[in-house]
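Me: I would like to learn how to read a structure like this one. Could we start with how helices pack?

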Amino acid sequence: MFPVPIQKSRVCGLRRTASRLFFMVMTILAMPGVTGSALALSLIRDAETEELLRSYATPIFAAAGLNPRSVNIYLVNDNQINAFVAGGQNVFFTTELLIEFDTPGEIKGVLAHEVGHIAGGHLARTQDAMKGSGALAIASMVLGMGVAAMGQPDAGMGIMTGGMHVAERNYLAYSRSQESSADQAGATFLEAIGESPAGLIEVMRRFSGQDALNAPNQDPFVRSHPMSSDRISSLEDRLAQSPFRDRPDPSELTEAHLRMQGKLYGFIKPFAQTLRKFPVKDTSIKARYARAIAHYRHGDTEQSLREVDQLIAEAPDNPYYYELKGQILFENGRVREAIAPHSKAVSLKPDIPLLRVNLAQAMLSTEDSAYHKPALEALQLAMRQDPEITFGWHQLAIAYANDGQEGMAALASAERAFRSENRRDAFIHSQRAMKLLPEGSPGNFRAQDIYDMVKPKHRGDFIQ
Ligand SMILES: [Zn+2]
């Protein structure tokens, strides 16, 4: 087995990782019994899921007058159904929500509703307080406070491990009038892009019985977004008037949605559960994708490769099947073989930086100097496009070191630590980068910026 780096640090008493799907899975395996959101929280990076969610979100944001590029979408690994907006224009979805909501229309409905909260400026004051916090810190605060969101302060305080202020407890408790206005705004955004609120109504019906439950028995989504029959009936009125009420989701979008669900299931749920949910007789693509991943995680390498090769044979233009194949080979130490499928994924989707980082990682792992330059170039491009790929900075540091650029290697390490919210390492590496990089150079300026942001303000700041 190829050694897998796992990034860990502690933020507000929460264990955190920010990584790709397979890193995340490894982290969970390393912590048996820890499943609650207040104890273990990870943000997941997955190009396929992100691309799909962004394709749902972009037209909705545009319809709301928001610049889609200034909106961030985050995927939180959590076994409770939830979606929320926090810390400005950041939309968070839990993996469980994506696994449970079966149609693109439902996800778009939730998104349109959440964007309705953004556009309506709801909770602007508390949202502002979180600006500047990292995405993971924001998600930790929101999910850690989930129990308190509907006014159950005692239960909520019990699970809070960090130094939360009492004033922040109701952070996500929207009022009923805000809920209705977010619904109506959401319906308007959907209509503007030729869609109906049918998916949003579907989501609300799913939760409608929970309004009467005690808060601990409700899904967090209900606690933060109070449901009511009035809301459903007003949306039904909108649906009845909508010229798009009978418009189905485009079939290619539905297929992409099902693939995403199969993938998340395979990566997140236990092996036996995946095979129960998707028995061999289920030959749908969703089921086969889920099984291919489950077998890979279970160590059945040849079987998972057979399944992936079959999927590739049927859809030779799907970059994510090649990405998975590259990942399986890479994780099994077959790093040289992993290069071809990762290259193919990049050539099919050249604008997706995560795929480029995978390719570069496989190249660097061969330790073949012929790959030094292409790996460095791929990483420089990818990290310019998406500086939030923390493990990409680690790869870039290796690539710079291979190239003899020690100062830039230190700067890349500083970036990685800074973006992982590891202030102590960011301090050490930025200091070193400042020494090594010529004064007045862009790299030196950036190192100084990081240094200024992380330098200790009090004695003992870095002692944990
Ligand atoms: Zn809401």
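Reply: This is a predicted model. Begin with a definition: the axes are lines fitted to C-alpha atoms, for helices over the stretch in contact, and angles run from 0 to 180 degrees between N-to-C directions. Two packed helices are described by the angle between their axes and the distance between the axes.

Me: At what angle do helix α14 and helix α15 pack, and how far apart are their axes?

Reply: The angle between α14 (residues 285-298) and α15 (residues 301-314) is about 145°, and the axes lie 8 Å apart. The crossing of α14 past α15 is left-handed.

Me: Which residues make the contact?

Reply: From α14 they include Ile285, Tyr289 and Ala292, and from α15 they include Val308, Leu311 and Glu314. Sorted by class, this contact of α14 with α15 has 6 nonpolar, 4 polar and 4 charged residues.

Me: Now strands. Why is strand β4 said to be largely enclosed by the rest of the structure?

Reply: Buried means under 20% relative accessible area. In β4 (residues 72-77), 5 of the 6 residues are buried, so the strand is largely enclosed. Strand β4 runs parallel to strand β6 (residues 90-94), and 5 bridges join the two. Asn72 has Asn90 of β6 as its bridge partner.

Me: How many residues does the largest nonpolar core have?

Reply: That core has 86 residues, and Phe93 and Leu98 have the most contacts inside it. Helix α18 (residues 353-365) gives the largest share, 8 residues. Apart from this core lies another, of 12 residues, including Leu411 and Val454.

Me: What does Leu98 touch?

Reply: Beyond four places away in sequence, Leu98 touches residues including Leu53, Leu75, Ile107 and Met260.

Methods
Residues are numbered from 1 along each chain as its sequence is written. This is a predicted model: local features need pLDDT of at least 70, side-chain atom pairs count only at pLDDT 80 or more; totals for chains, interfaces and linings use all residues. Side-chain values use heavy atoms; hydrogens and water are left out. A nonpolar core is a set of buried Ala, Val, Leu, Ile, Met, Phe, Trp, Tyr and Cys residues joined through side-chain atoms within 4.5 Å. Buried means under 20% relative accessible area, exposed over 50%, partly exposed in between (1.4 Å probe, protein chains only). Helices (H or I, at least four residues) and strands (E, at least two) are DSSP runs, numbered from the N terminus. Contact means heavy atoms within 4.5 Å. Two strands pair if DSSP finds at least two bridges between them. A crossing is left-handed if the near helix is turned anticlockwise from the far one by less than a right angle, and right-handed if clockwise. Ala, Val, Leu, Ile, Met, Phe, Trp, Tyr, Cys and Pro count as nonpolar, Asp, Glu, Lys and Arg as charged, and the others, Gly among them, as polar.
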